[in-house]
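Work through the exercises below with the sequence and the model open. Each task is followed by a worked solution.

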Amino acid sequence: MGGRAELLGQTLAGARAEGRAALIAYLPAGFPTVDGGIDAVKAVFDGGADVVEVGLPHSDPVLDGPVIQTADDIALRGGVRIADVMRTVREAHLATGKPVLVMTYWNPIDRYGVERFTAELAAAGGAGCILPDLPVQESALWRENAAKHGLATVFVVAPSSKDARLAEITDAGSGFVYAASLMGVTGTRESVGEQAQDLVRRTRATTDLPVCVGLGVSNAVQAAEVAGFADGVIVGSAFVKLMLDAEDAGAGLVAVRSLARELAEGVRGRA
């Protein structure tokens, strides 16, 4: 099986053709266990997610707030390895036929080996990688290997990014652009705010890639709000919090499936 960047593009284009934003969910691998994490990814797909980002747990997740940090800590204490991340991608993609990306900081890939990581992710049927802390000017080796294996390279832009910097980032990326709606770390918020809309507008001026907004969305009303101006709505902490708060693994799966269903209605303007 090769990388599925093309499937990611088709999925996002398909949502646009339906006149709606795509729903992109984030869940960390290995949480609450490796098998439980795989079940959770399948559950959010079953609820209506179009794409899932599988997080590679990291001991110092600079972009992630306390909810995802807690889940990462549970996964790391459980002994999660990169092989488990690849297995999560493989099983989720095989079960659903939908695009699955990995979201990771650069250090684990650098240690593992770029060629090895991209080859294994493509073999698992992964669609690509989101790399929040890899500077574009240092990304040539990654992008060369990702392209060779049919993987998308998704970079993150922020409200602080100047227009010239946005153009540099979007020119180097593929798949979609991850627009961080607010400065700071991930987590649910009362309002996604005008910053996100302005960032999407400025980013779209530099690229034809879909622009998907993350950091802060937790319910259908917010999803509908973001869907009004973005190509995709990214939700992570809200799913993870439901699993952390659940009485047991089964209740967690019911909860994340239900939230995915609610958010899927939201991106369709039915909230």
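Helices (H or I, at least four residues) and strands (E, at least two) are DSSP runs, numbered from the N terminus. Residues are numbered from 1 along each chain as its sequence is written, and side-chain values use heavy atoms, with hydrogens and water left out. This is a predicted model: local features need pLDDT of at least 70, side-chain atom pairs count only at pLDDT 80 or more, and totals for chains, interfaces and linings use all residues.

**Exercise 1. Confidence**

State the mean pLDDT of the protein and locate the stretch below 50.

Solution. pLDDT is the predictor's confidence in each residue, from 0 to 100. The mean is 91, and 93% of the residues reach 70 or more. Residues 183-190 fall below 50. Beyond near neighbours in sequence, that stretch has 30 contacts in the model. Contact means heavy atoms within 4.5 Å.

**Exercise 2. Placing Leu23**

In which element does Leu23 lie, and is Leu23 buried or exposed?

Solution. Start with the element: Leu23 is in strand β1. Next, apply the burial cut-offs: buried means under 20% relative accessible area, exposed over 50%, partly exposed in between (1.4 Å probe, protein chains only). Leu23 has a relative accessible area of 0%, so Leu23 is buried. Now list the partners, leaving aside neighbours within four places in sequence. Leu23 contacts Gly48, Ala49, Asp50, Val51, Val233, Val235, Ala260, Leu263, Ala264 and Val267. Finally, take a distance. Leu23 and Phe155 are 132 residues apart in sequence and 18 Å apart in space, C-alpha to C-alpha.

**Exercise 3. The sheet**

Give the strand order of the open sheet, then describe how β2 sits in the sheet.

Solution. Two strands pair if DSSP finds at least two bridges between them. The open sheet has 9 strands in the order β5-β4-β3-β2-β1-β9-β8-β7-β6, with parallel pairing. β5 (152-154) and β6 (156-157) stand at the edges; each has a single partner strand, so one side of each lacks a neighbour in the sheet.

Turn to β2 (residues 51-55). On one side, β2 pairs with β1 in the parallel sense over 5 bridges. Ala25 stands opposite Val52 there. β2 is also joined to β3 (residues 100-103), again in parallel, by 4 bridges. In that pairing Val54 stands opposite Val102.

Check the side chains last. In a regular strand they alternate between the two faces of the sheet. From β2, Val51, Glu53 and Gly55 point one way, and Val52 and Val54 the other way. Burial covers 5 of the 5 residues of β2.

**Exercise 4. The aromatic cluster**

Which residues do ring pairs link into a cluster, and what is the geometry of the pair Trp106 and Trp142?

Solution. Rings of Phe, Tyr and Trp (its six-membered ring) pair if their centres lie within 6.5 Å; planes under 30 degrees apart count as stacked, over 60 as edge-to-face and the rest as tilted. The structure holds 3 aromatic pairs. Trp106 and Trp142 form an edge-to-face pair, 6.2 Å centre to centre, with 90° between the planes. This pair links distant parts of the chain: Trp106 is in helix α5 (residues 106-112), Trp142 in helix α7 (residues 140-148), 36 residues apart. Both Trp106 and Trp142 are buried.

Tyr112 and Phe117 also pair edge-to-face, at 6.2 Å and 85°. Tyr112 counts as buried because its relative accessibility is 17%. Phe117, at 1%, counts as buried too. Together, ring pairs link Trp106, Tyr112, Phe117 and Trp142 into a cluster.

Arg116 lies over the face of Tyr112, at 3.8 Å from the ring centre. The criterion: NZ of Lys or CZ of Arg within 6 Å of the ring centre and within 35 degrees of the ring normal.

**Exercise 5. The core**

How many residues are in the largest nonpolar core, and which helix gives the largest share?

Solution. A nonpolar core is a set of buried Ala, Val, Leu, Ile, Met, Phe, Trp, Tyr and Cys residues joined through side-chain atoms within 4.5 Å. The largest has 90 residues; among those with the most contacts inside it are Val44, Phe117 and Trp142. Helix α12 (residues 249-267) gives the largest share, 7 residues.

Now follow one member. Not counting residues up to four places away in sequence, Phe117 touches Leu56, Ile82, Met86, Val102, Ile109, Tyr112, Cys129 and Trp142.

**Exercise 6. The cis bond**

Where is the cis peptide bond?

Solution. The bond joins Phe31 and Pro32, with omega about 0°. Pro32 is in the loop between β1 and α2.
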